[in-house]
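These are my notebook entries on a structure with several chains. I record what I looked up, in the order in which I looked.

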Amino acid sequence: MPDPFASRALRSGLTRPGKLLLYAALLLAMIQAVGPVIWIVTGSLKTRPQFYANPWSLPTDWQFHNYVDAFVTARVGDYLGNSLIVVSLGILLLILTASTTAYALARFQFPGRSAVLLLILATMMVPPDILTIPLFAILRALGLLGTFFGLACVYAAGGYGMSVLLLRSYFLAVPVELEEAARLEGAGTISILRHVVLPLALPGFLTVVIIQAMGMWNDLYLAFVFLRAADSATVPVGLLNFFQRSSIDWPTLLAALTTLTVPVLILFTLFQRRFVEGYTVGAVK
Amino acid sequence: MSAGGTPRHTVITRAAFVAMTLLLALSSAAQADQRLVIFGPSSWDTFAPGAPEPVISTVTASLDAGFRRQHPEVTQIIHDSRGTVAEGLARLRNAQFAGEQVDVIICAANRVNTSFAARGLILPVDDLIARLGDRFSVGAVGNFTLRGRVWAVPLSAVNVTTFFYNKGLFQRAGLAAPRTYAEFLAAAPRLRQLGVIPVVHQGKNAWMWPIYYMSALAQTTGNQPVAETEAILSGKARFTDPASLQALRLTRRWVTDGLLDPQSNELDEDAMKSVFYSGRAAAFFSDSWDVADVAVTAPFPWGVFEFPQYSGVPGHSSAFGGAESGLCLSSTSRQPALAADYIAFAAGAAQAAQLLAPLASPATSHREVPGAADPVSLTLRSYLPAVKFLDWMWPLELTDTIQRQVQDMMGGTVTPEQAAARMQAKYDGMVASGFRYQP
Amino acid sequence: MTSAKPWLLLTPGLVLLGVFLIAPIGDGLWLSVHEFDGLVVGRWLGLAQYRAVLIDPDFQQALWHSIVFAVVVVIGKNVVGLALALLVSTPLRGARFARTILFLPVTMNIIVIGAFWTFFLEAERFGGLFNHILRVVGLGFLAQSWLTSARTALLSVALVEIWRWAGLHMLLFLAGIQSIDPQLYDAARIDGAGAWQRFWAVTLPGLRPVIFVSVLVALMGAFVRSFDVVWVLTRGGFDTDVVITHLYNEAFKFSEFGRAAAMGYILFAVIALIGFAYVWAGKGVRAGA
């Protein structure tokens with residue numbers, strides 16, 4: 001499926017040295033992006049002395065038992081499950097709240113519209129750290145302290161501002177005529193949002209979802225403060241257990257990190273190629 | 001397209017999530033029977049810390065079994081010690097603030113002195129100390145005494161600051177363990193000829209730098225570092241005074257004289273130890289709580305020596321340390337009498353011996369439990385009595401500044417004079433904002 | 001457009017906002033004028049607390065670091081992000097695949113990032129690969145302890161932060177590029193415009209709304225969400241203390257939550273000033289505003 005932008009226009013205008021330079025740049029960019037992943041995979045297959053002797057070499061004999069250790073002693077599987085629950089809840093809440101707000105701000109003229117926008121903008125500027133204690137008290141009052149749902153709410157609130165801003169700009173790019181046509185056919189606003197606007201703004205929408213999901217998945221600080229029970233630990237909090245007591249067991253830690261990072265990458269790759277890219281031409285047309 | 005109404009599958013999904021949440025909330029509701037919670041702010045705060053996991057589990061289990069025989073109404077004793085040392089205070093505070101059950105706290109002397117007592121997280125235990133009688137080593141109870149009240153029952157190893165060194169490398173360089181700084185300095189070239197860094201430090205951990213400053217201050221103040229610190233905190237002396245300034249200069253010389261690796265700030269504890277174990281460095285200055293790790297991991301003969309004696313100073317070399325952890329009574333406990341009984345039981349004769357035995361430390365908080373008898377422990381015991389760590393007296397913000405300044409000084413970005421000036425400026429600022437030192 | 005509709009749509013969002021953002025912000029503001037140790041609210045301090053924070057040289061330094069950090073990071077994230085977006089929009093083989101790869105840093109756990117970059121930037125003697133590479137290509141005089149010397153630490157952390165988020169901005173720009181009408185390019189080509197001119201005349205103007213949001217997001221992130229990267233690389237030491245880490249220490253190390261809250265709101269005021277100035281200046285470019 002050809003990109004509308006990367007058309008014959010660019011291809012014909014490109015000279016050989018220009019192409020070579022671009023290829024080099026692309027290669028360099030990819031190497032530096034993927035470096036840490038390679039590093040944690042190679043590191044996870046070493047023994048501790050080997051790792052400290054040279055963190056950058058390739059492992060000689062591969063210590064697959066590090067992975068077993070990670071799952072058995074470090075209980076990485078439990079953390080994965082907890083993270084999955086929390087992130088799913090958080091994304092659901094975020095989609096529900098952010099898309100409705102973004103749509104209202106994009107398509108409707110009403111008094112107080114600017115005020116709402118400014119309010120949302122203002123909340124993005126407050127450092128989340130200082131909200132920890134007040135949020136603590138509020139969650140406790142609501143009986144949500146230590147629950148996945150409570151943390152998911154905090155996550156959704158944290159990503160709300162940026163998501164609204166981004167979704168709004170993507171919604172604005174969708175042609176109004178299509179919505180008006182649907183309205184003439186008798187569709188309600190929610191239906192229009194779900195069946196007309198979202199599909200057309202899908203690349204942007206999915207981008208926002210992916211970005212927010214990543215943020216929630218990798219959050220350490222909030223999960224640490226609000227989910228204190230050992231059994232509820234999400235992935236980042238669970239990983240903290242490696243940094244305890246005497247020394248850091250790097251190879252096992254890297255094995256745990258690999259198991260946590262690589263599937264997410266693979267999932268993301270599939271997700272991105274199938275959905276985000278598949279809608280380029282269709283969306284614009 | 002469906003007009004209006006939410007599709008059924010969405011409704012079911014939403015209901016499922018709500019149900020799941022309710023289930024989670026319900027399952028975390030407190031049990032009705034009588035539990036006791038022994039809380040450790042960090043994963044270091046357990047019984048027999050530093051011993052291998054199975055040993056910790058065994059001694060803890062046997063302690064709990066013994067206590068429950070005496071108190072059959074207790075159905076469950078929960079031990080919760082997790083997380084890093086740095087997060088410890090936050091973890092304890094959050095747990096208490098959330099209304100979680102916290103009865104007994106295994107508390108480090110440092111924390112008791114700097115935060116727990118002042119912030120009302122624990123209750124004084126003078127009566128418990130009286131109940132337990134005169135069984136504690138010299139200075140153990142004093143380590144937990146603030147403003148005339150005792151805040152924890154000591155139950156720990158007595159640890160002291162010490163140098164660790166690679167005997168093999170020293171022998172190859174034809175050296176013995178140095179007693180004075182001058183000796184060490186003379187030995188350095190021979191070590192460097194072997195391609196070895198004489199001394200390395202976990203500089204990345206800012207909190208480990210002040211022990212150099214303290215060790216020098218002990219000597220420059222004629223062995224009155226505590227009195228000098230009190231004077232500084234009361235405004236009668238300053239960090240920029242000769243004694244303190246000289247202590248900083250002497251510390252800086254370790255780097256400029258080529259003894260201490262100038263890039264030590266790159267290393268955290270793990271990295272430093274790995275440099276030592278791989279034979280790339282010959283010595284490091286730390287505390288005897290590292291003995292367990294070194295004994296197990298060092299692939300060469302190793303030893304300890306006391307901080308060297310500087311020349312031209314009124315005092316002699318001394319080690320810092322003491323009984324470093326104990327049992328505290330949480331101020332949020334709803335069953336303080338039971339918690340007190342547990343503490344008394346654990347610190348009592350029979351139990352204390354069992355809990356302290358696996359530590360193999362130079363000495364313990366209990367007189368009747370002697371330290372280990374191996375050569376290293378005997379050497380370490382010869383350093384006693386140890387001086388109280390000065391950062392137990394400094395207010396936390398000042399400690400933070402002192403740590404950073406010494407770290408920056410050793411990294412070469414500030415001079416000793418600048419470091420002293422900034423420490424003093426920080427303290428002056430705190431006083432101006434209303435801080436008052438209460439001895 | 002009926003009048004009740006928008007407010008109905010806004011309800012879920014506003015409830016979330018109200019309970020989990022506005023309420024804590026208000027509560028935090030109240031706490032910032034009291035002495036608060038996390039458990040017990042102490043005496044009223046009023047604006048004196050703010051004054052004490054503002055004259056504290058440590059805080060002033062942290063604020064300065066925050067601003068320098070933000071400037072470098074915002075420019076970096078957007079320039080690199082846009083460059084990457086353009087790069088992967090070309091018809092080069094593997095460009096599509098590159099999009100996924102280049103987004104990887106965004107997905108990485110901060111511990112991985114911290115560990116990797118700490119090892120990578122270390123002194124060569126202790127295993128630092130970057131200094132090793134510098135020496136091998138003849139630039140050995142540039143080798144230093146990037147993360148542990150005061151001169152270079154802040155910039156190094158900023159570069160890691162740019163590295164981390166460039167992929168996100170790349171995606172944002174990509175989505176924007178893909179919504180530009182291809183006919184505009186054809187028209188430009190017919191008029192004889194070269195690749196570079198097409199960029200200036202078609203791509204950049206078409207990306208204006210996205211650039212606007214991208215810079216705003218970068219700005220917020222650089223000031224407010226940079227805690228992880230600084231903490232994991234330097235713990236705020238070596239002159240990399242930014243307001244966020246300083247605030248964290250104040251709250252969780254020293255238990256001065258009131259002061260920490262005051263610091264947070266001062267930071268908020270600074271960001272609000274910059275943010276609203278930016279929004280006001282860019283009013284004309286927001287489509288449909």
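I began with the pairing of strand 1 (residues 35–40) of chain B, which is joined to strand 3 of chain B by two bridges, the two strands running parallel. I count two strands as paired if DSSP finds at least two bridges between them. Helices (H or I, at least four residues) and strands (E, at least two) are DSSP runs, numbered from the N terminus. Within this pairing, I found B:V104 as the bridge partner of B:I38.

I note that this is a predicted model, in which local features need pLDDT of at least 70 and side-chain atom pairs count only at pLDDT 80 or more, while totals for chains, interfaces and linings use all residues. Residues are numbered from 1 along each chain as its sequence is written, and chains are lettered from A and ligands numbered from 1 in the order in which they are written.

I then turned to strand 13 (residues 325–330) of chain B, which runs antiparallel to strand 3 of chain B and is joined to it by five bridges. There I located B:C328 opposite B:I105.

Is strand 3 (residues 104–108) of chain B mostly covered or mostly open? I found five of its five residues buried, a residue being buried if 20 or more other C-beta atoms lie within 10 Å of its own, exposed if 12 or fewer, and partly exposed in between, with C-beta atoms placed from the backbone. B:V104, B:I106 and B:A108 point one way, B:I105 and B:C107 the other. In a regular strand the side chains alternate between the two faces of the sheet.

Next I checked helix 14 (residues 349–356) of chain B, whose buried residues are B:A352, B:L355 and B:L356. They lie on the same side of helix 14 of chain B because they cover an arc of only 90° around the axis; the arc is that of the directions from the helix axis to the C-beta atoms. Their cover includes helix 2 (53–70), helix 13 (336–347) and strand 14 (363–364) of chain B.

My last entry concerns chain C, which has twelve helices and two strands. Of its 289 residues, 54% are buried. I found 87 residues of chain C in contact with 84 residues of chain A, contact meaning that C-beta atoms, placed from the backbone, lie within 7 Å. Helix 1 (residues 4–31) of chain C gives the most to that side, with 17 residues.

Conventions: Two residues are in contact if their C-beta atoms, placed from the backbone, lie within 7 Å.
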